[in-house]
Amino acid sequence: MKTALLLGAGSDVAKATARLLALDAWQLFLADRDKSIADTLARDLEIRGAPRAEGFLFDALDTPSHRAFYQSLPTPPDLVIVFFGYMADQAAAEQDFNLARKMIDINYTGAVSILEIVAADFSARRHGDIIAFSSCAGDRGRQSNYIYGSAKAALSAYLSGLRNRLARSNVHVMTVKPGFMRTAMTAHLQLPPALTASPEQAAKDTIKAFQRRKNVVYIRWMWRWIMLIVRSIPESIFKRLSM
Amino acid sequence: MKTKISNWGLYPCVEADVRRVMHPDDARAAISQARHVIPRGLGRCYGDSALSETILETDRYNLFLDFDPKLGIVRCQAGVSLEDILNALVPRGWFLPVTPGTKFVTIGGAIAADVHGKSSGSFCDYVTSITLLKANGDIVTCSPTENRELFDTTRGGMGLTGLIIEASLRLIPVETAYIREETVRCRDLDEVMGLFDNMGKWTYSVAWIDCVARGKNMGRSVMMRGEHARAGDLTHPRQRRAPLHPRSLPKLDVPIMAPNFALNNWSVHAFNMAYYYKCPPGTHEHIVDYDAFFYPLDFVNNWNRIYGRRGFTQYQFLLPMETSYEGLPVLLERISSCGLGSFLAVLKKFGPHQSFISFPSPGYFLALDFPITSNLFALLDDFDKLVLKYGGRLYLAKDVRMKPDMFFQGYPNARAFCERIRQWDPEAKFQSLQSRRLLIHQPPTKDLP
């Protein structure tokens with residue numbers, strides 16, 4: 001039976017993705033820093049069709065606990081998806097380094113810590129798939145959110161290297177780069193509806209790309225072209241913009 | 001956040017502060033900060049029942065909490081949709097005992113409107129408990145045996161007793177996901193009413209009726225009756241191999257608003273004629289999956305857009321058994337002569353049923369869509385007079401223009417309903433544009449009905 005481990009299961013996109021996986025009869029391990037949320041989700045998913053679903057405690061910031069956590073799983077997973085992330089207000093993070101560090105530690109360090117453990121396991125078994133949620137914000141640092149953006153840029157580079165390393169072990173790594181998504185993380189923002197994906201749409205796009213073995217998928221598709229344009233603006237002009 | 005929002009009829013469109021509920025505390029915060037709130041699920045009511053200055057959006061509050069596979073009782077948060085329940089539990093051999101014509105409604109909405117469909121009975125006949133957040137912030141459980149008054153007032157209470165948080169629903173066991181459907185083409189109103197009176201063992205029945213046909217064709221209709229197919233009824237090899245997993249077809253979409261002139265008298269007349277004659281004469285039986293039988297319109301996303309930007313409303317009235325045979329032909333004559341043709345008109349007979357404030361009651365009901373034009377409301381006021389004359393009433397979940405009179409005279413418990421609402425919510429925190437229009441929150445005076 002195929003098993004998926006969802007890290008950061010309490011996020012809106014994780015919930016939507018888990019529901020699609022449940023319909024497809026995946027066994028689900030739901031890990032979140034709030035175990036009661038993970039347990040409630042597990043019950044929900046079992047009713048929705050997952051042959052088995054279980055909740056686990058996992059804190060991206062608590063890196064020393066990651067190895068014990070992974071070894072505590074009842075069976076080694078076939079698919080690991082990193083959903084967890086954290087976006088603080090840019091202006092606040094410029095003033096308070098703790099917020100900046102939290103963004104770096106959750107979005108980058110925490111992901112590196114757990115994924116190295118997963119990578120070792122998957123390459124030894126020569127089996128497995130990894131999906132991780134980075135962001136379009138990592139494609140270029142912009143004055144409005146560069147601390148978050150740089151953490152995601154680091155994650156994207158890490159995933160690219162990991163993809164390269166694990167390719168020879170028959171393990172696939174997919175980077176997901178959402179543009180705008182209508183989730184709890186962006187609830188306070190006014191986003192243009194035509195460019196903003198719902199969690200359900202993001203989950204569908206992710207699963208479809210996963211089934212097609214894509215390396216990098218943008219959510220939604222038009223963001224690939226938007227970021228292509230953003231990336232090609234010469235630096236001498238870009239540094240004067242207020243994007 | 002302030003957004004422009006409307007319900008299924010696309011009229012009225014108002015600006016409201018929409019607050020997403022992911023936890024009862026979100027609702028408590030909204031209630032304390034706002035003058036008036038109303039819960040909203042998937043916005044499938046046609047008018048203003050789920051519109052207010054502040055709207056509590058519940059469609060993401062949608063976890064399944066528990067399922068008892070022996071009794072078929074499912075417990076879930078109020079934002080779970082009927083589609084969610086079907087997707088999760090049909091494969092396990094369970095079905096909704098009552099379902100409206102769309103599966104895109106939430107449990108909360110289904111309870112608040114006490115929806116009905118092709119079966120006899122209404123949704124809340126199978127609801128075993130409701131957990132409600134009242135205006136004062138208290139969370140209360142009610143059921144047919146506990147807090148009975150609150151249960152009776154919440155069923156069909158259009159969200160005015162508070163925010164439904166969780167509910168338990170008793171499902172019915174089925175062997176397959178398919179329905180044995182029988183269609184009968186009927187020449188006129190007498191023939192279709194005769195069929196309704198001789199229903200036999202059929203669990204499900206509804207008639208599509210041509211409301212623009214006149215003279216001897218008045219009331220020509222297509223009756224559709226159905227029964228859950230047993231495993232032995234299935235003939236197609238694919239169905240026999242996976243009786244609880246019908247193939248899901250890709251959906252169509254109406255991606256843009258149609259121009260207002262698209263639906264006019266001529267196009268409606270042409271459609272009605274084509275629909276009637278497409279059904280072969282006589283009686284025919286076939287096996288269809290539950291989506292095709294119960295939710296034919298759900299195949300087309302955003303089908304409400306074909307009515308254009310002006311929006312539309314549905315006039316759904318019920319006449320009690322005692323006056324149906326006299327009143328229906330009179331109303332049908334009036335409707336067909338008014339020249340504001342509606343298609344997709346639906347006729348159904350309701351059997352014995354009792355409730356405090358819900359729409360269903362023994363008798364015949366007719367539902368008609370009308371695009372909103374300048375002369376429509378005056379016409380519907382005329383229909384109201386006729387419906388009242390025959391002792392009938394209108395369905396609140398479809399209404400957008402009924403006057404208080406029509407509500408108070410149509411529903412025998414209307415006054416008692418208002419008293420209970422005032423008792424539990426003295427500040428009238430839970431208030432919709434509809435409840436305000438119907439003067440539900442006004443204390444009785446000599447001027448009010």
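**Entry 1**

I began with A:Arg213, which is partly exposed at a relative accessible area of 42%. Here buried means under 20% relative accessible area, exposed means over 50%, and partly exposed is in between (1.4 Å probe, protein chains only). I note that this is a predicted model, where local features need pLDDT of at least 70, side-chain atom pairs count only at pLDDT 80 or more, and totals for chains, interfaces and linings use all residues. Residues are numbered from 1 along each chain as its sequence is written, chains are lettered from A and ligands numbered from 1 in the order in which they are written, and side-chain values use heavy atoms, with hydrogens and water left out.

What is the phi of A:Arg213? I found it positive, about 60°, although A:Arg213 is not a glycine. I placed A:Arg213 in the loop between helix H7 (199-211) and E9 of chain A. Helices (H or I, at least four residues) and strands (E, at least two) are DSSP runs, numbered from the N terminus.

I then looked up A:Ala25. It also is not a glycine, and its phi is positive at about 60°. Its loop runs between helix H1 (12-23) and strand E2 (27-32) of chain A. A:Ala25 is partly exposed, at 37% relative accessibility.

Next came a peptide bond. The one from A:Ile219 to A:Arg220 is cis, with omega near 0°. A:Arg220 sits in the loop between strand E9 (216-219) and helix H8 (222-232) of chain A. I noted why such spots get an entry: most residues other than glycine have a negative phi, and most peptide bonds are trans.

**Entry 2. A cis bond in chain B**

I turned to chain B. B:Tyr11 and B:Pro12 are joined by a cis peptide bond, with omega about -5°. B:Pro12 belongs to the loop between strand E1 (2-5) and strand E2 (14-20) of chain B.

**Entry 3. Overall form**

I counted elements. Chain A has nine helices and nine strands. Chain B has 13 helices and 21 strands.

I checked the radius of gyration, taken over C-alpha atoms; the globule rule is 2.2 Å times the number of residues to the power 0.38. For the 243 residues of chain A, a compact globule would come near 18 Å, and chain A agrees at 18 Å. For the 449 residues of chain B, the rule gives a value near 22 Å, and chain B agrees at 21 Å. The C-alpha trace of chain A spans about 55 × 35 × 35 Å along its principal axes. That of chain B spans about 60 × 55 × 45 Å.

**Entry 4. One residue: B:Phe123**

Is B:Phe123 buried or exposed? It counts as buried, at 1% relative accessibility. I found B:Phe123 in the loop between helix H3 (107-113) and strand E8 (127-133) of chain B. Leaving out residues up to four places away in sequence, its contacts include B:Leu82, B:Val98, B:Ile107 and B:Leu169. B:Gly156 is 33 residues away along the chain, and its C-alpha atom is 9.6 Å from that of B:Phe123.

**Entry 5. Where the chains meet**

The contact takes 18 residues from chain A and 14 residues from chain B. The two chains bury about 1300 Å² between them, with 49% of it on carbon and sulfur atoms. Buried area is the accessible area (1.4 Å probe) that two parts lose on being put together, summed over both. In chain B, the residues that lose the most area to chain A are B:Met1, B:Arg60 and B:Phe64, together 41% of what that side buries.

How many salt bridges cross the interface? The rule finds three; it asks for a side-chain nitrogen of Lys or Arg within 4 Å of a carboxyl oxygen of Asp or Glu. I looked up A:Arg48 and B:Asp84, which form a salt bridge with their closest N and O atoms 3.6 Å apart. On the chain B side that touches chain A, strand E5 (64-68) and helix H2 (82-89) of chain B each supply at least two residues. I sorted that side into eight nonpolar, two polar and four charged residues. Nonpolar covers Ala, Val, Leu, Ile, Met, Phe, Trp, Tyr, Cys and Pro; charged covers Asp, Glu, Lys and Arg; the others, Gly among them, count as polar.

Technical notes: Contact = heavy atoms within 4.5 Å.
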